[in-house]
Amino acid sequence: MDEIMSGVNRCIQFIPREQHKDFLYIDSRNLDCSSDIGKKGGNQSVSISRASECVSKGIIMHELLHALGLWHEHTRTDRDNYIEIIYHNVRAGHDHDFDKNSNTKLLTPYDYYSIMHYKINQFSKFARLYNTIRILQPGVDETKVGQREYLSDKDKEKITILYQCKRALRTSFNASHTNLLSGLLAKGPKPSDQNTAFGDVELSQSNNVKVNGLTPSVLNNIDQERVITPVKPTIRTNIEVVSESVMNLSSRKQDTPIKMNGTETAEIGKK
């Protein structure tokens, strides 16, 4: 969670659940690594199974990015320009994991090194002998395709575009207006708003911007930026998280939502 937040200059923040009716429930009881895509509402499970060896930084980030709204990279509608799916090498019952997804938005150029991409022998009948994905572009490091170690630059860019981070925080303005803006408070959406993009955004006497009390050092050239009221994203920005150890399971009012990518466990492979 820290790596995702820092990777996007904390425009996405995971916060502890208090009385929020919509939240992420990190669950280790199931035998898979899975998450719904985007906000579903209510008690929304992200399965991080210890039994299935899901507990590693990259796999957890992969599932959290699903919860933020990101689909698998290899299912993009333009993927045939970059990869070829070798279906006769795909393990029985997993053809659907390679289908193109018409719901995917092409927010950035294709990213072979996305943490959301499959590796080239994913769900292969014989992983050491046959690949399921053929790379069509030259110069690609196939050993890094499907990596589960870090967010790629394009992963970070997708999040900032999806949640309109730059648009909410940065608009050029004439430096001569600095004194007029000094000390003003630009109020963001109310805390109760379910589509909160940011909390209060304050321009201090020193003309530094503070978002939810965070320091402005991560923002480039922020002294020449104007603070504006954020635009609501299509998917919620503040993601409430609760540990199963602090939640009374008997009080849960709904079942775990249906998983939309419940085959993540087999994606891990053997390291």
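The model is predicted: local features need pLDDT of at least 70 and side-chain atom pairs count only at pLDDT 80 or more, while totals for chains, interfaces and linings use all residues. Residues are numbered from 1 along each chain as its sequence is written, and side-chain values use heavy atoms, with hydrogens and water left out.

Cys11 is bonded to Cys165 through a disulfide, with an S to S distance of 2.1 Å (a disulfide is a pair of cysteine sulfur atoms within 2.5 Å). This link of Cys11 and Cys165 is right-handed, with 45 degrees about the S-S bond. Because Cys11 belongs to the loop between α1 (2–7) and β1 (13–16) and Cys165 to helix α4 (residues 165–169), the pair ties together parts that are 154 residues apart in sequence. Helices (H or I, at least four residues) and strands (E, at least two) are DSSP runs, numbered from the N terminus. Cys165, at 5% relative accessibility, also counts as buried.

With bonded cysteines counted along the chain, the disulfides of the protein chain follow the pattern 1-4, 2-3.

## Aromatic pairs

Rings of Phe, Tyr and Trp (its six-membered ring) pair if their centres lie within 6.5 Å; planes under 30 degrees apart count as stacked, over 60 as edge-to-face and the rest as tilted. By this rule there are seven aromatic pairs. One of them joins Tyr82 and Tyr112, whose ring centres are 6.4 Å apart and whose planes stand at 75 degrees, so the pair is edge-to-face. Tyr82 lies in the loop between α2 (57–68) and β5 (83–85), and Tyr112 in the loop between β5 and β6 (133–135), so the pair ties together parts that are 30 residues apart in sequence. Tyr82 is partly exposed at 24% relative accessibility, whereas Tyr112 is buried with a relative accessible area of 9%.

Phe98 and Tyr118 have ring centres 5.6 Å apart and planes at 80 degrees, so this pair too is edge-to-face. Phe98 and Tyr118 are each in the loop between β5 and β6, so the pair ties together parts that are 20 residues apart in sequence. Phe98 is buried at 0% relative accessibility, and Tyr118 is buried at 0% as well. Ring pairs also link Tyr82, Tyr110 and Tyr112 into a cluster.

## A charge over a ring

Over the ring of Phe23 sits the charged end of Arg17, 3.7 Å from the ring centre. A charge sits over a ring if NZ of Lys or CZ of Arg is within 6 Å of the ring centre and within 35 degrees of the ring normal.

## Nonpolar cores

A nonpolar core is a set of buried Ala, Val, Leu, Ile, Met, Phe, Trp, Tyr and Cys residues joined through side-chain atoms within 4.5 Å. The largest such core has 25 residues, and those with the most contacts inside it are Ile4, Ile12, Phe14, Leu65, Leu68, Ile159 and Tyr163. At least two residues of this core come from each of α1, β4, α2 and α3. The largest share, six residues, is supplied by α2. Another core, of 13 residues, lies apart from it and includes Val90, Phe123, Ile135 and Val145.

## Helix α3

Which residues of helix α3 (residues 153–162) are buried? They are Asp155, Lys158, Ile159, Thr160 and Leu162. Asp153, which also lies in helix α3, is exposed with a relative accessible area of 64%. Asp153 and Tyr113 are 40 residues apart in sequence and 9.1 Å apart in space, C-alpha to C-alpha. Just after α3, Gln164 adopts a positive phi of about 55 degrees.

## The surroundings of His74

His74 is found in the loop between α2 and β5 and is buried, with a relative accessible area of 0%. Not counting residues up to four places away in sequence, His74 touches Arg79, Ile83, Asp97, Phe98, Tyr110, Met116, His117 and Tyr118 (contact means heavy atoms within 4.5 Å).

Technical notes: Buried < 20%, exposed > 50% of the residue type's maximum accessible area, 1.4 Å probe, protein only.
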